[in-house]
Every structure is written in C-alpha cells, then in structure tokens.
Amino acid sequence: MALSTITISATMEWAKKLSFNRLSAIGNNLEPAVTSANLVMQTILGPPFSWWWNTQEVAFTTSATPNTSAITNVSVAAGIATITTANTFAVGNLVLPSNVATATFLNGQLLIILTASPTVITAAVTTVTYASAVDTGTLTNPTNQDYTIAVPEFSHIEHASVLDITKTPTNWIELKVQNDLALDSRNARPTFVGPHVEDGAGNVTFRVMPSPNAAYPVSIHVQLAAPLITSINQTWSPMPDFMQYIFSWGFLALVWAFADDARFQIANSKFTAGLLARSEGLTEEERNIFLNNWNNVIPQNQQTRQQGTQARGV
C-alpha cells in the first residue's frame with residue numbers, strides 16, 4: 001500500500017480556510033502547526049491503537065545455554081577498558097568476565113556491551129590495575145533470556161508467539177507481553193516476553209522468561225513509533241491517505257483550541273469518532289482511557305461535562 005501523499009502544509013491550508021484565514025504556523029518555529037501535527041500523529045499511532053499498515057514482524061531463536069567467548073585482548077586507555085573477544089555478543093547484553101588475572105577490577109563485575117560493534121565491550125572504570133598488553137579469560141553472558149534485534153522504529157509489542165518444539169507436532173503458543181522482566185534461573189519454555197533495553201541506535205533487546213531450555217523460535221509482532229514531524233513539507237506517512245478524514249479533523253481541533261474557537265468541540269468529536277470507528281479490537285476500558293487522556297489535551301466545555309455526568313447517573 002502506498003504511503004500518504006498528503007503534506008502537513010496541505011492540511012494547514014485546509015484548516016486555514018475554515019479558520020477565517022488565520023495562520024496555524026507563526027514564526028520560524030512553525031508553531032503551533034508542527035506540534036499539533038505531532039500530537040495527532042503520535043496519538044493515532046500510539047497505544048492502545050494497533051494498525052496493520054504500521055507493523056513489523058521480528059523473530060529470533062532462543063538458545064538453551066548462555067553464550068561464552070574467550071578474551072583475546074584487554075587494553076585500557078583514559079580509564080576505559082576495551083575487551084576483544086573471539087566470538088560476538090549483541091549490543092545491550094550483560095556479560096561477566098572471569099579469569100582475567102592482571103585486570104582484577106573486572107573480576108566479578110557485570111559489564112554491558114555499549115558499542116555498535118558486537119565484538120568490543122567497553123566499560124568506564126574509576127581505578128585501573130593493569131600490567132600486561134594481553135590478558136586471557138572468558139566472557140560469559142549470565143543469561144540466555146536476552147536477544148537483540150534491529151527495530152529502529154519500535155514502539156510496543158502487539159502480540160508474540162513461541163513455537164513449542166518439544167511437542168509432536170510442534171505448535172505455536174502465545175507469549176504474554178510484560179515489561180520489566182527479571183533474570184530467572186528456571187529453565188523451561190518461555191511464557192513471557194518484553195522489551196528490555198534499547199541502545200540508542202535502533203537495536204532493541206527483548207527478554208524472555210523463564211530461561212529457555214531449548215532452541216524455541218519466537219515471533220514478535222510490533223507496532224512502529226510515529227516519526228517526528230519537523231517540517232510542514234513532510235507527509236502524514238506512515239498513515240495512509242484513507243485516514244485523512246481522521247487526522248485532518250484532529251489537526252483542526254487543536255488549531256481551533258489554540259485560537260479559542262468554540263467550534264473545536266465539533267472537530268474534536270469528528271476526530272475521536274472517526275478514530276474509534278476505524279480502530280478494531282479495543283476493549284471498552286481502552287476506549288475510555290483514550291477518551292479521558294485525549295480530552296485532557298483538548299479543553300472541554302464544563303457544562304457539557306456536567307450534563308454528560310448527569311446523563312450517566314453518576
């Protein structure tokens with residue numbers, strides 16, 4: 001499906017005609033137009049909404065044992081220890097060095113892989129005890145729960161599955177999505193998955209729990225984050241053109257709200273009604289949370305709120 005062909009400036013021009021020719025971009029910062037467009041974009045593409053045209057499927061296979069690698073070289077410069085290993089570790093992984101005789105400050109310390117190159121691990125230290133040009137030892141990943149994948153525009157996990165290879169025939173089982181998973185020494189088929197860390201370069205480390213006891217294929221369906229709008233010449237992509245009736249009314253609602261135009265409630269109602277009608281699979285609770293959060297951004301008429309409360313008998 002083609003991405004949007006409608007530019008932010010085109011939507012601004014449309015809103016201008018309905019706003020007595022008031023400009024929505026004032027000064028070099030192009031505000032409030034740019035921030036309004038970002039608010040609408042981020043609202044539509046953020047939780048609780050999920051869109052089939054804004055997804056990515058990522059996959060990995062678990063390992064039954066933690067990864068280990070021999071240390072081939074250790075060097076220290078300006079208080080930074082650089083360790084070169086025979087094998088690779090993914091960015092964001094924690095590793096535990098051992099048997100590094102002359103670099104005793106490393107023994108028993110967990111290090112995190114910081115660099116883009118997975119063969120080099122750096123860690124800032126306050127004191128250095130270093131005697132030789134080359135030290136030997138072993139780097140051990142203390143867990144086999146973490147797996148790093150390039151997902152530059154990651155927003156959140158929509159759903160995930162694990163293939164149980166211990167059964168005949170094999171079968172896919174849904175993984176429960178949960179943030180802040182801890183390290184777990186139990187060994188079994190994973191039942192939980194969640195994002196664990198992101199390295200700032202688009203590489204996301206996903207953690208499963210408990211620790212895998214076999215090579216289980218894992219499939220994760222993710223929603224992508226909204227791109228940042230910095231220019232009115234950008235389009236509304238990745239939102240397709242058929243969403244125009246939604247994002248246009250959302251933009252106009254914010255423009256009218258900033259101008260204290262009483263008609264903002266009309267545009268806001270059209271925006272929320274269109275968005276909720278287009279979305280699928282939302283629970284009643286998710287709908288109410290969205291409406292409450294969004295209506296805190298858009299000022300509401302107090303009398304209308306009171307009438308609504310009375311109508312519900314609250």
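Which residues in H1 meet which in H3? I looked this up before anything else. Thr-11, Met-12, Trp-14 and Ala-15 in H1 meet Phe-247, Ser-248, Trp-249, Phe-251 and Leu-252 in H3. I take contact as heavy atoms within 4.5 Å. By class, the residues of this contact divide into seven nonpolar, two polar and no charged. Here Ala, Val, Leu, Ile, Met, Phe, Trp, Tyr, Cys and Pro count as nonpolar; Asp, Glu, Lys and Arg count as charged; the others, Gly among them, count as polar.

**Ground rules**

I note that this is a predicted model, in which local features need pLDDT of at least 70 and side-chain atom pairs count only at pLDDT 80 or more, while totals for chains, interfaces and linings use all residues. Residues are numbered from 1 along each chain as its sequence is written, and side-chain values use heavy atoms, with hydrogens and water left out. Helices (H or I, at least four residues) and strands (E, at least two) are DSSP runs, numbered from the N terminus.

**Confidence**

I checked pLDDT, the predictor's confidence in each residue, from 0 to 100. The protein averages 85. A score of at least 70 is reached by 84% of the residues. Over residues 301-312 pLDDT stays under 50. For that stretch the model has six contacts beyond four places in sequence.

**Helix packing around H3**

I went back to H1 and H3 for the geometry. They pack at an angle of about 60°, with their axes 10 Å apart. Axes are lines fitted to C-alpha atoms, for helices over the stretch in contact, and angles run from 0 to 180 degrees between N-to-C directions. H1 and H3 are therefore oblique to each other. The cut-offs: under 35 degrees is roughly parallel, over 145 roughly antiparallel, 65 to 115 roughly perpendicular, and the rest oblique. The crossing of H1 and H3 is right-handed. A crossing is right-handed if the near helix is turned clockwise from the far one by less than a right angle, and left-handed if anticlockwise.

Next I took H2 (residues 33-45) against H3. Their axes are 9 Å apart and the packing angle is about 135°. This pair is therefore oblique too. H2 and H3 also make a right-handed crossing. On the H2 side I list Ala-33, Ser-36, Ala-37, Leu-39, Val-40 and Ile-44. On the H3 side I list Ile-246, Phe-247, Gly-250, Phe-251, Leu-254 and Phe-258. The tally is ten nonpolar, two polar and no charged.

Then H3 (residues 244-258) against H4 (residues 264-278). The angle is about 150° and the axes are 8 Å apart. That makes H3 roughly antiparallel to H4. The crossing is left-handed. Among the H3 residues in this contact are Tyr-245, Trp-249, Ala-253 and Trp-256. The H4 residues include Phe-264, Lys-270, Phe-271 and Arg-278. By class I get eleven nonpolar, three polar and two charged residues.

**The open sheet**

In what order do the seven strands of the open sheet run? I read E3-E15-E11-E12-E13-E14-E10, with mixed pairing. On average, neighbouring strands are turned by 35° against each other, direction ignored. Strands count as paired if DSSP finds at least two bridges between them.

E11 (residues 154-164) and E12 (residues 171-177) pair in the antiparallel sense over five bridges. They form a hairpin with six residues between them. Ala-160 has Leu-175 in E12 as its bridge partner. E12 and E13 pair in the parallel sense over two bridges. Here Lys-176 stands opposite Phe-192 in E13. E13 (residues 192-198) and E14 (residues 203-209) pair in the antiparallel sense over six bridges. Pro-195 stands opposite Phe-206 in E14.

Most residues other than glycine have a negative phi, and most peptide bonds are trans. I found exceptions. A cis peptide bond joins Pro-47 and Pro-48, with omega about 10°. Pro-48 sits in the loop between H2 and E3. Another cis bond joins Met-209 and Pro-210, with omega about 0°. Pro-210 lies in the loop between E14 and E15 (217-224). Asn-21 is not a glycine, yet has a positive phi of about 65°. I place Asn-21 in the loop between H1 (8-17) and E1 (25-26).
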